[in-house]
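Please look at the sequence and the three-dimensional structure shown here, and follow how the parts of the chain meet one another.

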Amino acid sequence: MNLQNAQQQVDEWIKNHGVRYFNELTNMAQLTEEVGEVARIIARRYGEQSEKESDKNKDLGEELADVVFVVLCLANQTGVNLQEAFEKKLDLKTKRDHDRHQNNQKLQP
């Protein structure tokens with residue numbers, strides 16, 4: 001599935017199950033909340049914080065999917081074609097950052 005198809009699937013889900021999109025500000029707050037849940041898992045599971053027993057069953061993939069879902073909602077309601085934007089960004093990063101990362105001593109084994 002590409003991003004354009006994902007945007008279409010989210011739009012169809014909203015129309016069939018979600019009644020309507022939350023407004024952009026609400027979705028931005030929801031995105032922040034979902035990113036916070038991802039951060040909590042990463043900090044406790046892969047970082048130095050202790051993982052609480054109640055956090056051990058949290059599914060990182062599910063939380064990342066929540067982030068993607070809200071991003072797709074925001075793209076749909078603001079008229080952004082994420083497939084096009086992502087391809088443009090990847091091209092830019094490839095041209096701009098190729099040598100930069102290759103020559104970064106901090107990244108060398």
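In this predicted model, helix α1 meets helix α3 through a set of side-by-side lists that can be traced on the structure: Leu3, Ala6, Gln7, Val10, Asp11, Trp13 and Ile14 belong to α1, while Phe69, Leu72, Cys73, Ala75 and Asn76 belong to α3. When the residues of this contact are sorted by class, nine are nonpolar, two are polar and one is charged. The two helices pack at an angle of about 85°, and their axes are 9 Å apart. Because of that angle, α1 is described as roughly perpendicular to α3.

| Helix pair | Packing angle | Distance between axes |
|---|---|---|
| α1 and α3 | about 85° | 9 Å |
| α2 and α3 | about 160° | 9 Å |
| α1 and α4 | about 150° | 7 Å |

How do α2 and α3 run relative to each other, roughly parallel or roughly antiparallel? Helix α2 covers residues 24-45 and helix α3 covers residues 60-78, and they pack at an angle of about 160°; angles over 145 degrees count as roughly antiparallel, and α2 and α3 are therefore roughly antiparallel to each other. Their crossing is left-handed. By class, the contact of α2 with α3 holds 13 nonpolar, four polar and six charged residues. On the α2 side the residues include Met28, Leu31, Val35, Val38, Ile41 and Ile42, and on the α3 side they include Leu60, Leu64, Val67, Val70, Val71 and Leu74. Among the other members of this contact are Glu24, Glu34, Glu37 and Arg45 from α2, together with Glu63 and Asp66 from α3.

The remaining pair in the table joins α1 to helix α4, which spans residues 82-102. With an angle of about 150°, α1 and α4 are therefore also placed in the class of roughly antiparallel helices. The contact is made by Leu3, Gln4 and Gln7 of α1 and by Leu82, Gln83 and Phe86 of α4. Sorted by class, it has three nonpolar residues, three polar residues and no charged ones.

The next topic is aromatic rings. A pair of aromatic rings is described by the distance of the centres and the angle of the planes. How many aromatic pairs does a search of the whole structure find? The search finds one. The ring centres of Trp13 and Phe69 are 5.6 Å apart and the ring planes stand at 90°, so this pair is edge-to-face. The pair links distant parts of the chain, since Trp13 is in helix α1 (residues 3-18) and Phe69 is in helix α3, 56 residues apart. Trp13 has a relative accessibility of 42% and therefore counts as partly exposed. Phe69, with 30% relative accessibility, likewise counts as partly exposed.

Some single residues deserve a separate look. Arg44 is found in helix α2. Is Arg44 buried or exposed? Its relative accessible area is 18%, and because buried means under 20%, Arg44 is buried. Once its neighbours within four places in sequence are left aside, Arg44 is in contact with Gln49, Ser50, Glu51 and Asp55.

Val19 sits in the loop between α1 and α2. Most residues other than glycine have a negative phi. Val19 is not a glycine, yet its phi is positive, at about 70°. Its relative accessibility of 77% means that Val19 counts as exposed.

Glu87 lies in helix α4, and with a relative accessible area of 47% it is partly exposed. The C-alpha atoms of Glu87 and Val19, which are 68 residues apart along the chain, are separated by 31 Å.

Finally, Gln108 is found in the segment after α4, and it is partly exposed, with a relative accessible area of 36%. Leaving aside neighbours within four places in sequence, Gln108 is in contact with His101 and Gln102.

Key:
Residues are numbered from 1 along each chain as its sequence is written. This is a predicted model: local features need pLDDT of at least 70, side-chain atom pairs count only at pLDDT 80 or more; totals for chains, interfaces and linings use all residues. Side-chain values use heavy atoms; hydrogens and water are left out. Axes are lines fitted to C-alpha atoms, for helices over the stretch in contact, and angles run from 0 to 180 degrees between N-to-C directions. Helices (H or I, at least four residues) and strands (E, at least two) are DSSP runs, numbered from the N terminus. Angles under 35 degrees count as roughly parallel, over 145 as roughly antiparallel, 65 to 115 as roughly perpendicular and the rest as oblique. A crossing is left-handed if the near helix is turned anticlockwise from the far one by less than a right angle, and right-handed if clockwise. Contact means heavy atoms within 4.5 Å. Ala, Val, Leu, Ile, Met, Phe, Trp, Tyr, Cys and Pro count as nonpolar, Asp, Glu, Lys and Arg as charged, and the others, Gly among them, as polar. Rings of Phe, Tyr and Trp (its six-membered ring) pair if their centres lie within 6.5 Å; planes under 30 degrees apart count as stacked, over 60 as edge-to-face and the rest as tilted. Buried means under 20% relative accessible area, exposed over 50%, partly exposed in between (1.4 Å probe, protein chains only).
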